[in-house]
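This report describes the chain B side of a structure. The sequence and the model come before the description.

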Amino acid sequence: MNWPTAKLALRLRLPAALSAAVGLIAVMAAVGALFPAVGHTIGKLHVPASVSNLLGGGDYGTITGWFRSEIAAIYGPLVIGAIAITGASAATAGEEEDRILALVLAYPIRRSRLVIAKAEAIAVVVLTIAAAMWVGLIIGVALAGGGITLAHMTALAVQLAFFGCATGALAIALAAGTGRRSLATGVAAGVAIAGWLINSFAPLVSPLTWLKYLSPFYYYAGHDPLTQGVDIAGLIVLGAVTLVLMIVAAAGIERRDLRG
Amino acid sequence: MSAPPVIEASGLSKDYGSGRGLFGLDLEVRAGEVFGFLGPNGAGKSTTLRLLLDLIKPTAGAARVLGLDTARDSLEIRRRVGFLPGDLALYPKLTGRVVLDYLAELRGGVDRRVRDSLVERFDAELDRPVRELSTGNRQKLGLVQAFMHEPELLILDEPIAGLDPLVQRSFHTLLGEVSVEGRTVLLSSHTLSEVERVTNRLAILRRGRLVVVDSVENLRRVAVKRLEIEFAAPVAADEFRAITEVTEARADDRTVTVSFQGSADKVVKAAAKHEVVAIRPREDELEDIFLRYYQGDAA
């Protein structure tokens, strides 16, 4: 680990992450507060299974279904994925495109160590956001009247943290391999969205059911952490994917010409 | 036995296609030299400097810096070299102080007193965010970070870009001190006036190829000489153009300016056929020499 680089990356990224964390807690508290007034009125949506899957089941009549549809299915992974992907791309390819790395990499630091230090800082940002979601869930569930155990809320936050790390690692691997911020951001976001769609639709088509195993969403929420708790196997897969992508990132940036 | 060169490039090439890049560079920079690396924009200067620091990989050839292989021993080279990139970019949201603290920590072993004395010497602004600094003030930070660990070799790409004359003078004084200490400087520029005062030798690059490497004195010595001859009555320039050694002759009323190489004998004898009022020698400006090597490029 290169502590000066990780520390600087945190200094650049953490203030915005903390602001986002405060906002997230407020949003999740508001979501919880809305449930008593709105949840029972909406009830369970009677929509095609494909739409229901996209919305995390579409059961707004129960507190677990409410938070699964409102937070776990889209909002949570969207926020943590977006923060991980944009932060990872900016910290690596962004600094390269801005020609800052032309100076930094003339210092005695291996490119791979620099990328790993940036990744560590992004991981701290992801953990901060996941922790904010955990706090927001606790407050939101309390305001909604309770009904989800602390263990299950913790499970969702942990699954989200691993999902954020995996999507951030994908962005870092792309950024380190190409030095292009927009490509890294776009492709990583595209993969995440495709993963969400595949995880929702693939189980509905028998011959394509296996496709869900290619989706990071399956390992994040396929197990339904709000009712089943932590999915160790899913975490292992997401952790392994993160590790492999970091190895790819470290190898990718060592071999190519620096841009800018 | 003479000391090995501090920088040694052999057939060093970086082909970007379409004729762009660097092609077959053979170059030696000796210990203690302040070496000027000149060429117009796009000549391959920055490419060379980036190759020496392993920021980009050569397509052919190899280079050694401080006796080390640029590809295999890059980390050790970067530990011992101070680098200022052209068109320097720093973290825009951070103050100069935070940036220098980071870079010093990243490098390790930076003597705080040396850094502070450089800050004072260049009057560098440390307490404002980089994005609020002028180009010159950013360049001062770049110079401080390049010199702060007292490196054996300094590789500086367009170092005085944006600096005001007073800071330029401080920089030139510092280069002199560095040279006296036996340290080596490789300095790139696209204008000769930037480097002629401080360099011992210089190389001129054009379209990715080395055109000449020589001392400033030798470049002056081989320069085309010029005589301005004032006659009592107008004389046709053609009389001088007929002389083999003459490269150019221009008449302006009663004065003929003759550029020639080698001996002045035939020029003087041709002039003596007329009534000569005065003969004034004109030394070719070094900038002219430089531009002549550039011919064909937009200088």
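Axes are lines fitted to C-alpha atoms, for helices over the stretch in contact, and angles run from 0 to 180 degrees between N-to-C directions. Two residues are in contact if their C-beta atoms, placed from the backbone, lie within 7 Å. Helices (H or I, at least four residues) and strands (E, at least two) are DSSP runs, numbered from the N terminus.

The model is predicted: local features need pLDDT of at least 70, side-chain atom pairs count only at pLDDT 80 or more, and totals for chains, interfaces and linings use all residues. Residues are numbered from 1 along each chain as its sequence is written, with chains lettered from A and ligands numbered from 1 in the order in which they are written.

In chain B, 6 strands form an open sheet with mixed pairing, in the order β6-β7-β8-β3-β9-β10; two strands pair if DSSP finds at least two bridges between them. Strands β7 (residues 153-157) and β8 (residues 184-189) of chain B run parallel and are joined by 5 bridges. B:Ile155 has B:Leu186 in β8(B) as its bridge partner.

Two helices lie against these strands.

| Helix of chain B | Strands touched or crossed | Angle |
|---|---|---|
| α5 (residues 135-147) | touches β6 and β7 | about 170° with β6(B) |

Contacts with chain A involve 20 residues of chain B and 17 residues of chain A. The largest share of the chain B side, 5 residues, comes from α3(B).
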